[in-house]
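Please keep the structure in view while reading.

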Amino acid sequence: MEKYARQALAEGVKNVTDLVISTDSELYRVLVLHYNRNNQIEVPENFRFVVQATLREFFISIAAEKDQEQSWKKSIYKVISRMDDAVPEYFKSSNWMEQLVDG
């Protein structure tokens with residue numbers, strides 16, 4: 001996330017609202033591939049908005065040079081944690097991976 005925010009700044013992006021994530025965005029695809037390698041889990045619609053908000057929070061902090069502070073990411077994590085969804089019930093089962101295969 002930090003890498004993409006720094007890249008946007010290096011490319012001259014000035015306005016945080018210019019950072020828009022779609023399901024076709026490289027960052028979105030990289031994250032989905034990393035966390036859902038076999039596409040076994042349906043990606044929640046909200047995920048795109050959380051990725052976008054996270055990217056924007058990193059962008060704002062880096063642009064304001066808050067990254068010079070030791071714990072600069074803590075404030076970002078607090079903002080993002082408010083967007084957490086409840087863990088789906090099927091993840092709470094000890095055999096949830098088998099349920100995906102059977103499904």
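## The largest pocket

The structure is a predicted model. Helix H3 gives the most to the lining of the largest pocket, with five residues. The volume of the largest pocket is about 680 Å³.

In total, 22 residues line the largest pocket, and those nearest its centre are Tyr35, Val43, Pro44, Phe47 and Asp85. Two elements give two or more residues to this lining, namely helix H2 (26–35) and helix H3 (46–63). Sorted by class, the lining of the largest pocket comprises 16 nonpolar, three polar and three charged residues.

## The second largest pocket

The second largest pocket has a volume of about 190 Å³. Which helix gives the most to its lining? That helix is H1, with three residues. Helix H1 spans residues 2–10, and both H1 and H2 supply at least two residues of the lining.

The residues that line the second largest pocket are Tyr4, Gln7, Ala8, Glu11, Leu19, Val20, Ile21, Ser25, Glu26, Leu27 and Leu55. By class, seven of these lining residues are nonpolar, two are polar and two are charged.

## Helix H3 against helix H4

Helix H4 covers residues 73–81, and its axis comes within 10 Å of the axis of H3, with a crossing angle of roughly 155°. Because angles over 145 degrees count as roughly antiparallel, H3 is roughly antiparallel to H4. The crossing in which H3 passes H4 is right-handed.

On the H3 side, the contact is made by Val50, Ala53, Thr54, Glu57, Phe58 and Ser61, while H4 contributes Lys73, Ile76, Val79 and Ile80. The contact of H3 with H4 has six nonpolar residues, together with two polar and two charged ones.

## Helix H1 against helix H3

The axes of H1 and H3 lie 8 Å apart, and the two helices pack at an angle of about 60°. Is H1 parallel or oblique to H3? The angle makes H1 oblique to H3. The crossing of these two helices is right-handed.

From H1, the residues Glu2, Tyr4, Ala5, Arg6, Ala8 and Leu9 meet Leu55, Phe58, Phe59, Ile62 and Ala63 of H3. By class, nine residues of the contact of H1 with H3 are nonpolar, none is polar and two are charged.

## Helix H2 against helix H3

Helices H2 and H3 pack at an angle of about 115°, and their axes are 11 Å apart. The crossing of H2 and H3 is right-handed.

In this contact, Leu27, Tyr28, Leu31 and Val32 of H2 meet Phe47, Arg48, Val51 and Leu55 of H3. The contact of H2 with H3 divides into seven nonpolar residues, no polar residue and one charged residue.

Phe47 meets H2 and is among the residues nearest the centre of the largest pocket.

Key:
Residues are numbered from 1 along each chain as its sequence is written. This is a predicted model: local features need pLDDT of at least 70, side-chain atom pairs count only at pLDDT 80 or more; totals for chains, interfaces and linings use all residues. Side-chain values use heavy atoms; hydrogens and water are left out. On a 1 Å grid over the protein atoms alone, a cavity is a set of points where a 1.4 Å probe fits but cannot get out, and a pocket is an open set with protein on both sides within 12 Å along at least five of seven lines; lining residues have an atom within 4 Å of a point. Grid points are joined across faces, edges and corners, and a volume is the space filled by probe spheres set on the points. Helices (H or I, at least four residues) and strands (E, at least two) are DSSP runs, numbered from the N terminus. Ala, Val, Leu, Ile, Met, Phe, Trp, Tyr, Cys and Pro count as nonpolar, Asp, Glu, Lys and Arg as charged, and the others, Gly among them, as polar. Axes are lines fitted to C-alpha atoms, for helices over the stretch in contact, and angles run from 0 to 180 degrees between N-to-C directions. Angles under 35 degrees count as roughly parallel, over 145 as roughly antiparallel, 65 to 115 as roughly perpendicular and the rest as oblique. A crossing is left-handed if the near helix is turned anticlockwise from the far one by less than a right angle, and right-handed if clockwise. Contact means heavy atoms within 4.5 Å.
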